[in-house]
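User: Please take a close look at one helix-to-helix contact in this model. Then say what else stands out around it.

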Amino acid sequence: MPGKDGKRRVREAALELFAAKGVRGASTREIARRAGLAEGTIYRHFDGKEALAAEVFLEAAGALRSRLERELEGTRGAEEALRRLVRGFFGFAGDEPARWRCIADDHPSLRRIPPGTRLPKDVVLEVVRRGIREKGWQVRDPVLAAAMIIGTVTRALFFLGEGLLSGPREELAEKTATLLLHGLRKGEAERRKGGKGNEGDRVPRQ
């Protein structure tokens, strides 16, 4: 069995099982069985399940990051960027359900991600900083605001998957983006009324 093909089959099997059972719930024995390989094959390519999970996560996260970056191409302002960003999350979850579930799962292996790796959260953070510069969004901590956006989208998609939300995916994405923008616009509204705003009205030094 060629080495590269074996590694690919292990990754594909791991993605399916991590999506279905989570990283903690899937064993290397199950992954090897799904891939049609001996369990020892996994250890020829990876240090263990955590290293395998980190590589699977990075591949899925890279695909999502690329999707979000494509969505943002040509946007004319921060609000349009946020709407397209949310649309990108919803579209990716619909088109790539296994990859999305793998990303949304709690990953004990994330400590293995190399420092400086560009992830989907970095794309979200750039949109937040754009909104601070352009619109004076009320953001004291841009990283926390990015986490809020990702968390809101993730829970909305979870509710959709569980049948607690219904309707066309694009319509739900638009409603989610509108909800997020309502909270982010407060700083802009205060400034228009002549208020001093808050720390979020200033562009944080990077």
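Analyst: In α7, K121, V124, L125, V128, R129 and I132 meet P142, V143, A145, A146, I149 and I150 of α8. Contact here means heavy atoms within 4.5 Å. Helices are DSSP runs (H or I, at least four residues), numbered from the N terminus. The contact residues divide into 10 nonpolar, no polar and two charged. Nonpolar covers Ala, Val, Leu, Ile, Met, Phe, Trp, Tyr, Cys and Pro; charged is Asp, Glu, Lys and Arg; the others, Gly among them, are polar.

This is a predicted model: local features need pLDDT of at least 70, side-chain atom pairs count only at pLDDT 80 or more, and totals for chains, interfaces and linings use all residues. Residues are numbered from 1 along each chain as its sequence is written, and side-chain values use heavy atoms, with hydrogens and water left out.

Helix α7 spans residues 120–135. α7 and α8 pack at about 120°, with axes 9 Å apart. Axes are lines fitted to C-alpha atoms over the stretch in contact, and angles run from 0 to 180 degrees between N-to-C directions.

A pocket is an open set of points on a 1 Å grid over the protein atoms alone, where a 1.4 Å probe fits, with protein on both sides within 12 Å along at least five of seven lines; lining residues have an atom within 4 Å of a point. Of 18 lining residues, W100, R101, A104, L157 and F158 are closest to the centre.

Conventions
Helices (H or I, at least four residues) and strands (E, at least two) are DSSP runs, numbered from the N terminus.
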